[in-house]
Amino acid sequence: MNRLELRRPDDWHLHLRDGDMLPAVVPASARCFGRAIVMPNLKPPVRTVADARAYRERILAARPEGSDFEPLMTLYLTETTTTDDIRAAAECDFVHAVKYYPAGATTNSDSGVRNLECVHPVIEAMEKYGLPLLMHGEVTDGEIDVFDREAVFIERHLEKLRTRFPGLKLVLEHATTADAIDYVRSAPEPIAATITVHHLMYNRNALFDGGLRPHHYCLPLIKREHHRQALVEAATSGNPRFFLGTDSAPHPKHAKESDCGCAGIYSAPAAIELYAAVFEAAGALERLEEFASLHGPDFYGLPRNEDRIVLERSPWAVPTGIPAGNHQIVPLAAGEQLAWRVKSGS
Ligand code: DOR
Ligand code: ZN
């Protein structure tokens with residue numbers, strides 16, 4: 001097969017940043033995705049509908065000429081978020097979800113939640129209004145091994161939350177373990193998980209392949225091979241609870257290649273092509289459209305995109321650096337040769 005036509009995909013988990021970074025990264029997502037769920041972990045975070053409205057305007061202004069890429073905004077859940085904030089979000093037409101970060105779990109998560117019980121009234125309002133809760137599902141306790149933090153989160157918190165709020169729409173973001181896949185597959189509805197391309201491509205050896213690899217460092221960490229295989233199996237299974245979310249998270253090169261490097265992998269410049277490579281290697285290219293273009297909008301209750309993109313077998317090399325203001329961003333698979341490429345203008 002040399003050509004693959006898909007209903008236009010969406011990215012259900014994306015970091016676009018702000019300032020100089022924004023115009024440098026929006027075009028990479030807009031080139032093939034119709035919409036993206038935009039993460040709110042700016043500094044300061046996107047806490048209210050007013051913050052989300054202003055950020056959305058900045059994203060729209062950073063789109064390339066002629067693009068109708070649509071940012072779907074999220075609010076950052078803090079211990080001071082109110083039920084009025086949730087009602088306002090549910091009533092406006094551009095906020096689509098609320099993001100939970102455990103305080104201290106990852107980049108710009110200091111304003112996140114320390115005690116989930118504190119935010120139960122707010123979660124109850126989300127359940128009532130049908131506003132999805134997007135979870136960074138990791139515990140942060142220092143005594144838990146960093147590779148086990150997702151599995152422990154599921155055991156300690158997720159099950160309780162499901163039982164307490166059975167109608168809450170919940171997305172376990174960037175699932176990285178077989179434990180997460182098993183949980184999402186068997187939990188009562190409504191629950192789903194996004195899966196990144198880097199967690200589908202690599203196991204944890206990639207972090208130490210011939211030396212320390214900062215461009216493979218993200219949170220949650222990439223895990224053992226059997227977890228990667230469980231993710232590939234879920235993504236290519238046709239199960240509507242699993243859909244595409246890149247977690248593309250740009251950081252300047254110097255901030256990644258540092259003695260205390262930032263977590264985050266910038267996959268947007270080749271995201272759909274890399275997913276295509278994973279699906280092809282699994283013998284499941286015909287399943288890519290469901291995962292990339294159908295399951296996400298169906299879960300969020302949004303229309304599927306009407307237009308299509310075309311992927312062609314046309315070898316190209318991922319750029320080694322993307323300029324952003326005075327900096328460079330190193331994309332995932334920098335300098336590597338890929339088989340599939342989105343036909344420009346499609
Ligand atoms: O690796 C990550 N980077 N994980 C996250 O949860 C946040 C993200 C970022 O914002 O850089
Ligand atoms: Zn993220």
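**Helix pair α6/α8**

I looked at which residues touch: A178, D179, I181 and R185 of α6 meet H226, H227, A230, L231, E233 and A234 of α8, where contact means heavy atoms within 4.5 Å. By class, I noted five nonpolar, two polar and three charged residues in the contact of α6 with α8. Here Ala, Val, Leu, Ile, Met, Phe, Trp, Tyr, Cys and Pro count as nonpolar, Asp, Glu, Lys and Arg as charged, and the others, Gly among them, as polar. Helix α6 covers residues 178–186 and α8 covers residues 225–235; they pack at about 35 degrees with axes 8 Å apart. The axes are lines fitted to C-alpha atoms, for helices over the stretch in contact, and angles run from 0 to 180 degrees between N-to-C directions. Helices (H or I, at least four residues) and strands (E, at least two) are DSSP runs, numbered from the N terminus.

**Ground rules**

This is a predicted model: local features need pLDDT of at least 70, side-chain atom pairs count only at pLDDT 80 or more, and totals for chains, interfaces and linings use all residues. Residues are numbered from 1 along each chain as its sequence is written, chains are lettered from A and ligands numbered from 1 in the order in which they are written, and side-chain values use heavy atoms, with hydrogens and water left out.

**Zinc site**

Which residues coordinate the zinc ion (ligand 2)? I found H13 (NE2), H15 (NE2) and D247 (OD), at 2.1 Å. Donors are N, O and S atoms within 2.8 Å of the metal (3.2 Å for Na, K and Ca); water is not among the atoms, so sites may look incomplete. Along the chain, the donors are spaced H-x1-H-x231-D. I checked H13 and H15, and both are buried (under 20% relative accessible area; exposed is over 50%, partly exposed in between; 1.4 Å probe, protein chains only).

**H174**

I found H174 in the loop between β7 (170–172) and α6. Its relative accessible area is 2%, so H174 is buried. Phi of H174 is near 35 degrees, a positive value in a residue other than glycine. Leaving aside neighbours within four places in sequence, H174 has contacts that include the zinc ligands H13 and D247, and also H136 and E150. The side chains of H174 and H136 make a polar contact at 3.4 Å. A polar contact is a pair of N or O atoms within 3.5 Å; within protein, one must be able to donate a hydrogen and the other to accept it, and residues adjacent in sequence count only if both atoms are side-chain atoms.

**Ligand 1**

Of the 13 residues around ligand 1, R17, N41, T106, L219 and H251 come nearest; to count, a residue needs a heavy atom within 4 Å. I noted an oxygen atom of ligand 1 at 2.8 Å from an N or O atom in the side chain of N41. For the side chain of H136, the distance is 3.2 Å, and a polar side-chain atom of H251 lies 2.8 Å from an oxygen atom of ligand 1.

The K43 to P44 peptide bond is cis, with omega near -5 degrees. I also logged a cis bond from E189 to P190, with omega near -10 degrees; P190 sits in the loop between α6 and β8 (191–195).

**Helix α10**

Why is α10 (residues 271–281) largely enclosed by the rest of the structure? Because eight of its eleven residues are buried, among them L274, Y275 and F279.
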